[in-house]
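User: I would like to learn how to read domains, contacts and sheets in a model. Please take them in turn.

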Amino acid sequence: MSNAPGSPPLHSTSAMAVELAAITKRFGAFIANDGIDLVVRRGEIHAIIGENGAGKTTLMNILFGLLQPDEGSIRLNGETTVVADPAAAIKAGLGMVHQHFKLVPSLSVADNVFLGMEIRRHGLIDHAAQIERTRDLSKRFGLHVDPTERVGLLSVGIEQRIEILKVLVRGARTIILDEPTAVLTPQESRELFQTLRSFVAEGMTVIFISHHLEEVMEVSDTVTVLRNGRKVATRPTSELSKDELVRMMVGREVSFDRRPRAALHGGAVLEVKDLWARDDRRLPAVRGASFTVRAGEVVGIAGVAGNGQTELAEVLSGLRPASHGEAWLKGRDLTMLSPAAIREAGLAHVPGDRMVRGVDRNASIAANTLMGRQHRAPWSRGGVLDWKAIAGNAGALIKSFDIRAQGSGDPVKRLSGGNIQKVVLAREFTNGADFLLIDQPTRGVDIGAQEAIHDEIMRQRAAGRAILLISVQLDELAALADRILVMFNGRIMGEVAGDDADEDRIGMMMAGVSPELEPA
Amino acid sequence: MMNDRLRAFSGQIIAIGVALLLGAIIILMVGESPVRVLMTLLRGAFGDQEKIAGTLLQTTPILICGVAACIGLRGGMFNVGIEGQLFLGGFAAAWVGFSFSLPPGIHTLAALALAIAAGAAWVAIPAYFRARYNTNEVVSTILSNYIAVLLTSYFTIFLFKRPGGWSETPPILATAYLPEIFSFSRLNWGLAIGLLLAVGVALVFRYTSWGYGVTMVGSAPKFAEYGGVNVKRQGFVVLLLSGAVGGLAGGVETLGVHHRFMEGFAPGFGFDGLIAALLANGSPVATIVTALFFGALRSGSLLLEVDTSASREIITVIQALIILSVSAQVLIKRRGDSQAGERRWKF
C-alpha cells in the first residue's frame, strides 16, 4: 500500500503521464488504430472523443495491456514501458474503469473493493479495516458510497463508483474511464465530473473516453479526436467550439457522390407525431419527434450516435414501447402494434445491430431469408414449410443481390460482413413492404458492398417505397437522402435538403445548436 | 452439411470418451478390470433377447423425457422439472386407471391424456413466472421437482393408499394397461410412443412455421423478436409442451410397467432424459441413441454385482462423469459462442 492515492507519485520526473507513439493495431484486414500519437500531461482531464468504431476503446485497451500493439511504443511517466498485461499497467500506476462492471453482487461494497487484495490480520480478512479504508476514500473524493451495503442492491451509478474505488485502492495515479456516462443519469454524470475534478486536484490524471460533445466540453482540459482509427487532432478544450468538435469527429471526407434521381411525389406513408420514448435507463431518449416520409422518398436521419436514433428505430419497429405520441403507417398507429403486426402493416427493417437483430448467424442463408414470412404462402401452406421453395427463393436472392456464398445452405456466419448485410437487405427488400426502415446500412461493410447497398436503396426509392435512412455517416446521407433531419438529444433539430447538404449547418445542429437561433 | 453435423457431435463423443476413460480409471482403483466390467455391462444390456427387451424397457422413459427436454431446449428453455412432471403424470394416469371403469383402449387413452395434462399444468406455474416476470426457469423447475415428488407421495400414502400394501395406490384396471409387445418381457408399446414422438417432434421443428419460429427463439432470440415472433409466448408454449411430454412419460411408465403408482416409482428418469437430450445436442432423433445408451447402462448394471466385484453404483459414477464432461463441453462451447455475442442456452 506504499503508493496509495495522495502519496507522491513514484516517478515524478516527467510532466507526461502517458505518451503513446505511432500505435498501430490491426484486426485482420481492419486497421483499428493507425499510427496514433497521444500525449497526456500529468494532472489533466484528457478526453478522447470519436464515433463508434473510431478506435477509442482499442487504444485504451492497448494502453492498459489488454491488447498488444502491432507497432508503436508506450512511455509511462517518462519511462518506456512494455505493458504486457493489466497487472503491469496497474503496477505502473494505471487504472481502468470499463464499460461493463465486474462486481460480485452478493458481497459488500468493501469486500468488492478489496477483492483479490484483502487486508489481512492474523491470516483472516480484516473487514473493519477494509470498511474504514473504503469509507475514507469514498469521502475524500465525494463518492458517497456506504461500504457495508451489498452490491446487488445498488444502482448502476453506485456500481461505477465502486469500480472507481477499486482502481484507487490499487494505487492508480492515472485513471482511464471508458464511456463512463453511458450508464449514468444526468445527475449522476454531474457527480462523476465532480469526482474527476477532485482527482486532478490531488495531482492525478484522468483519461476519459466519450462520444458526447457536451460532457467533453464541460469536464475536459484537453481533447483528442479520433476518426476511423486515426488521430485528427489534440487541442485544449478551451480553444474549441462544439461544432468544430463535431466537424473533426464526423470528418469531411466524401467517399460517395450524390445519386441522380427523378423527382417523385408520392403520398405520405409514415407520419410520426410528437413521438417520445425512453431508453434502457428509463430516461427520455426520443423527445417529441415529428416528421413524414412519403412514397418514393429517402428521408435521412443524421446525428452523432446515441442521440435517440436507435430508440426511434426500435419504436417504429415495435421493439420498444413509445411513452407518448403516434406513428401512423398507412392508417395504422405503429405504437399500438406488436412487431409482427407492424410487419403485417407494411414495414421492412434493416436493423443497426445486424449480427444480433438481423440474422441468426448459425442458421443457413435459406433459414435467414425466411424470417418474417414463415407464415406466408408460398413458403408455408397450412403451417407446413416448403423448404424447396424457400431454398429456391434464397438461391434467387443470392443471385439478384450478388451475395458471395456457395449456396443457400451456407451458414450465415461463414459470410463476410458485407454479404451478411446483403442477406438482410435481400430478405427485407423483397417482402413487399411499403415502408423501409434502414439503420446504418453500410457500417462495417467494405467499399464495394457499400456501393451495391446504395444502388439497392436507390432502386427501392425508384420503386416508390418510403425510406427512412438512419446513418451516422454524413456523406452517405448526402448521397442518398432527399431530405435530412438532424437529431440531437432526442429532438429533431432541423431539416436540410439532400441536394444542398450544407455540412456546417448539419454540424451545428448535430452539436445541438438550433438553426432558428442563428442569424439566417 | 454432413461435415457440420459431424462437427456438432464430435464434442459429445469426446465428452463420453473422457467420461468412460475416467470411469475406467476409477474401476481400476477399486481393483476390478475395466474390460471385464464393460463386457459384463454389454452382456447385461444386450446378452439375450430378454436382456435387450429389458434395456429397451429402461430406455423408454428416458427417451420420452429426453424428447420433453429437447422441446424446451429448442425454444431456449431449460426444463429441469421433467422428473416432477413424470411423477405427477404417473400418478394422474394411475388415478384414472384405478378410479374409473372404461372400455379398453379408451381407458388407456384417457389415463395418458390426464398424465399429459398433469405434466403441462405442473410446469405452467414456472412457465407463467418465466413469461410474466422473467424468473429463471432452471431454478423454478428444479424446485418444483421436490414439491411434485412429495406431493405424489402424500397422495399415495394419505389419500389413495392400497389397504395393507406398501406405499402404493391400488392397482389399475387391466383395461388401462399399455399392452406388452413380447410375452417374455414387460416391454410395452410405450417404446413405440417414444420413437414416434421423437421423430414427430423432429419433423414439427423442421417442417412447420411454428417450429421455425421456436427454433429461432432458442438460437437467436433478438432476431426472432425482430422478425415478429412473440418470444415470451413461445417460451411459455414450449415449456408447457415440454411439461406435457414429461407427464406422458410418467403415464407410460405407470400404464406399461408398474400398473400402479408407488413412491419413488421412476427415480432419475427425468434427469437421465435431460442429460440424454443435452448429449444429443437437443436433437430428438439423436436422443433415441443417447437414451438407448443410458438405458443400456441402467439395465447392464443389474448384472454387475452378480458377475464382478464392482458395485452397481459404479454406473452412477460413470453417469455423473458423463454429466460433468458434457456440461463442461457445453460451457466451453458457450464461452466460445458468447464471445461472438450470443448464447445458446442460458442458466
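Predicted model: local features only at pLDDT ≥ 70, side-chain atom pairs only at ≥ 80, totals over all residues.

User: Into which domains is chain A divided?

Analyst: Domain bounds come from an automatic or database assignment. In chain A, domain 1 covers 252-346 + 433-520 and domain 2 covers 363-432. Their centres, taken over C-alpha atoms, are 26 Å apart.

User: How many residues of domain 1 of chain A are in contact with domain 2 of chain A?

Analyst: Contact requires C-beta atoms, placed from the backbone, within 7 Å. Eleven residues of domain 1 of chain A meet ten of domain 2 of chain A. Helix 15 (residues 447-462) of chain A provides the largest share of the domain 1 side, five residues; helices (H or I, at least four residues) and strands (E, at least two) are DSSP runs numbered from the N terminus.

User: What does the contact between the chains take from each?

Analyst: Chain B gives 19 residues and chain A gives 26. On the chain B side, helix 8 of chain B gives the most, six residues.

User: In which order do the four strands of the open sheet in chain A run?

Analyst: Strands pair if DSSP finds at least two bridges between them. The order is 14-13-16-17 in chain A, with antiparallel pairing. Strand 14 (284-294) and strand 17 (332-333) of chain A are at the edges with a single partner strand each, so one side of each has no neighbour in the sheet. A:Trp328 has A:Asp333 of strand 17 of chain A as its bridge partner.

Notes. Residues numbered from 1 in each chain as written. Chains lettered and ligands numbered in written order. Contact = placed C-beta atoms within 7 Å.
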